[in-house]
Amino acid sequence: MLQVLSEACQDTDECIREAALNSLGIFTIMLEAEQLRRVYDVLFGACGDAAWSVRIAGLRALKTSADKLEGLQLQSALDVFFKACEDGNEYVRGDAQNALCDLMRQLEGAQLQAVLDVLLANGEDFRDKYGVFHAFNASAEKLGGEHVRSVLLLFVRASRDEDWEVRRAAQQAIETLAEKLKGEQVRSALPVLLSACNDADKNVKKGGLRALKALEKNLELIELQRVLEVLLAACEDVDEAVRQAAFHAIEIFAEKLEGEQVQSTLTVFTNLETP
């Protein structure tokens, strides 16, 4: 059966090639290592097919057995997905991006960094923004400082998206990522989040404020002062939802405030209550 399907993947009719690849994708789940090696050669070739529908079928078949990839085969698959992210067809690019997102869970070191770089470079081109947001957050503990900043900036830009569902998902992604950050990651994230809280777009502000609240357990006192200044300014924002987000964040930080920080907070709250 494998021999027949492999030969069909070379057929002159693109519909037959596509159908054969779809079948191979199903079979890869059940194959042993030696059989997989032969199939991968066929799949790698299909990902460069002249017909975009065949390229997609090849990418999806390869993605199906992604958890079995290792060593040179894994690197070869990554190279195929990287190249497909630059494809002229948006659907091919979307499938390649989704495949890389799935692979992130099993990658470490240089390979993970390479995937992050490719995905972030394609940040404005994601077809499945929700899947990408989830993939970045699922790998949060593996992110270095520079990638933390880049991922947060991507989420901030997505908070301005014309699609309200994407905006909401981006705001939630910022908060989810912030909850997972530690140590140097927090220091890398803080400037991005403080800037987001001062953004002209209310959706970006709300996402930034909720993320600051999520960072509460990781902040040092010197950072707390910077955060408090931003939160107090947000308490006077013209948008009610932004003000509420700021109030809720200050409630979380309240027990850490000292001396002048307490006084400045009370002063702002008193002025807000005064007619």
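1. Basis. The model is predicted; local features need pLDDT of at least 70, side-chain atom pairs count only at pLDDT 80 or more, and totals for chains, interfaces and linings use all residues. Residues are numbered from 1 along each chain as its sequence is written, and side-chain values use heavy atoms, without hydrogens and water.

2. Surface patch. Ile 26, Ile 29 and Met 30 make a nonpolar surface patch of about 340 Å². Patch residues have over 30% relative accessible area and no salt bridge, and nonpolar side chains are joined within 5 Å. A salt bridge is a Lys or Arg side-chain nitrogen within 4 Å of an Asp or Glu carboxyl oxygen. Areas are Shrake-Rupley values with a 1.4 Å probe. Met 30 sits in the loop between helix H2 (14-27) and helix H3 (33-46). Helices are DSSP runs (H or I, at least four residues), numbered from the N terminus. Met 30 is exposed, at 56% relative accessible area; exposed means over 50%, buried under 20%.

3. Ser 188. This residue lies in helix H11 (residues 184-197). Ser 188 is buried, because its relative accessibility is 3%. Beyond neighbours within four places in sequence, Ser 188 contacts Gly 145 and Arg 149. Contact means heavy atoms within 4.5 Å. Ser 150 is 38 residues from Ser 188 in sequence, and their C-alpha atoms are 9.8 Å apart.

4. Helix pair. H8 (residues 129-138) and H10 (residues 164-180) pack at about 5 degrees, with axes 10 Å apart. The two are therefore roughly parallel, a term for angles under 35 degrees. Residues making the contact include Tyr 130 and Phe 133 of H8, and Ala 169 and Leu 177 of H10. Axes are lines fitted to C-alpha atoms over the stretch in contact, and angles run from 0 to 180 degrees between N-to-C directions.

Terms used. Patch = residues over 30% accessible without salt bridge, like charges linked within 9 Å, V, L, I, M, F, W, Y side chains within 5 Å. Buried < 20%, exposed > 50% of the residue type's maximum accessible area, 1.4 Å probe, protein only. Parallel < 35°, antiparallel > 145°, perpendicular 65-115°, else oblique.
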